[in-house]
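Trainee: I've got a model open on my screen and some questions about its rings and helices. Can we go through them together?

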Amino acid sequence: MRLSSRSVVLASLIAVGATGLLGCGGDDAGKGESDITDVPQTPVERQSIGNCWLYAQASWVESMHLTATGDELDISQSYWTYWHWYGEILEGYGDEIATGGNQGTANEIAAQRGLMNEPDFVAEDATSEMSSRQSSALEAVNRELAEGGRLSTSTARNDAALVRQVLDEAWQLSADVKEQLDRVFGSDGSQTLDRGASVEGTSIISADDLQVAYTERQTDPDAPTSKTTNLTEAMEDWQNASYPSSGSNLDSRRRQLQIRVQRALHDRQPVVVTWNVDFNAMESRMNELRGSFNMTTLGELGPGRQGGHMTVMEDYQAETEDFGTLAAGVTLDPDNEEDAAKLEAALLPSTTLSFIRIKNSWGGFRDDRASAPGFPGYHDLYLDYLNGPLKWCPDVTATKTDSNCTGRQPGLRAVALPPGY
């Protein structure tokens, strides 16, 4: 059931200020088509390095722009990754690039550097299923950061022009792209859009100039209000909400947040979700749980490879007292009296969420990672997995047992919601 209103034509995605750095559970990058049409979504893509948070950011921007204009963007995650590494090197984070990040960092990059379409930064990213340039650039930059490399000393890493030069070479940027970056940001990258740099005459798009649309409930808490604005304001508007992990009335507080998320989905707002991945919880066998993350599968296998992940939400499934199962993948029409009653029932405290369905950045068609049935590139996160607790030991390389997996975490970390939700 796609729990959304056909009468409301706005949707958007964002995860603002998610805490901590996400290592991002994923490998290769590429694109897969999905047959989802109810929520404005761009095609599923496949990451090659641990930058899922930038893929989530791109999905958010693409969806909001699609809603506002009807035009599909194909944003370059590589462009944002380039500037993430630039800042990381100058700030002296270490001798190796850390690809993880969070939505606060993504917003900062978008505000300072704007965005580019994939064909305008690395042309092959727009045509290849996997962005091999991201992984090859990572290897090249790490070589330069290692002993004997051009960026192996703190003095070299403080030379912003040299950092730009190394990055340009690692990404194999064309002369035209390098000239555009120099024109807008300077050869040392010191000029930024939020401090008056101009994108005139280039393919770089300022966040101030990118039209987006979403809904808000601050104007009228009882009904969504359409809002068309720019990306800069959207990044300021959306707010992060953490999933309760402890304390009194835990089930009730969790249900309250779930209802807020459901209401946003009813208004066709795909929520960005930050969650903990344990790959041993992913069901790949041919059964009713195929394509999902759930505690039954995890209980059979025990803890596996773990990490933080950020994706966008598409749908959910729920059990109601009056109508039974409201199934994911089936659209309810709020203009229909019975469907409207089902939508209201879905928001009751007595309703139980079965799972949320997320649009992922692991590609649409993979033998090793089963998708939700009929939704290539989408996965279902069951409530038992969202609640956990998971035995948490992402940094433990030895055999994972109760003795060395002492941490306990819920599967769900946080969501980002539009204003008023």
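This is a predicted model: local features need pLDDT of at least 70, side-chain atom pairs count only at pLDDT 80 or more; totals for chains, interfaces and linings use all residues.

Trainee: Then is Tyr86 buried or exposed?

Mentor: The relative accessible area of Tyr86 is 6%. The cut-off for buried is under 20%. Tyr86 falls below that, so it counts as buried.

Trainee: How many aromatic pairs are there in the whole structure, and what kind do Trp83 and Tyr86 form?

Mentor: Searching the whole structure turns up 16 aromatic pairs. Trp83 and Tyr86 make one with 5.1 Å between the centres and 80° between the planes. Planes over 60 degrees apart fall in one class, so this pair is edge-to-face.

Trainee: Which helix holds both Trp83 and Tyr86?

Mentor: The two sit three residues apart, about one turn of the helix. In general, an α-helix has 3.6 residues a turn, so residues three or four places apart point the same way. Trp83 is buried too, at 4% relative accessibility. The helix you want, residues 77-90, is α2.

Trainee: What about Phe293 and Tyr385: what angle lies between the planes?

Mentor: That pair links distant parts of the chain, with Phe293 in strand β7 and Tyr385 in helix α13, 92 residues apart. Both residues are buried. Their centres are 5.6 Å apart and the pair is tilted, with an angle between the planes of 55°.

Trainee: Which ring does the charged end of Arg113 sit over?

Mentor: Ring pairs join a cluster that includes Tyr79, Trp83, Tyr86, Phe121 and Phe185. The charged end of Arg113 is 5.0 Å from the centre of one of these rings, that of Phe185.

Trainee: Moving to the strands, what is the bridge partner of Glu216 in β4?

Mentor: Start with β3, residues 211-216: five of its six residues are buried, so the strand is largely enclosed by the rest of the structure. β3 pairs with β4 in the antiparallel sense, over six bridges. For Glu216, the partner in β4 is Thr225.

Trainee: Last one: which residue just after α10 takes a positive phi?

Mentor: α10 runs over residues 250-266 and reaches 24 Å from first C-alpha to last, close to the 24 Å expected. Its buried residues include Leu250, Arg254 and Leu257, and what covers the buried residues includes β5, β8 and α12. Just after the helix, a phi of about 65° belongs to Arg268.

Technical notes: Residues are numbered from 1 along each chain as its sequence is written. Side-chain values use heavy atoms; hydrogens and water are left out. Helices (H or I, at least four residues) and strands (E, at least two) are DSSP runs, numbered from the N terminus. The expected span of a helix is 1.5 Å times one less than its number of residues. Buried means under 20% relative accessible area, exposed over 50%, partly exposed in between (1.4 Å probe, protein chains only). Contact means heavy atoms within 4.5 Å. Two strands pair if DSSP finds at least two bridges between them. Rings of Phe, Tyr and Trp (its six-membered ring) pair if their centres lie within 6.5 Å; planes under 30 degrees apart count as stacked, over 60 as edge-to-face and the rest as tilted. A charge sits over a ring if NZ of Lys or CZ of Arg is within 6 Å of the ring centre and within 35 degrees of the ring normal.
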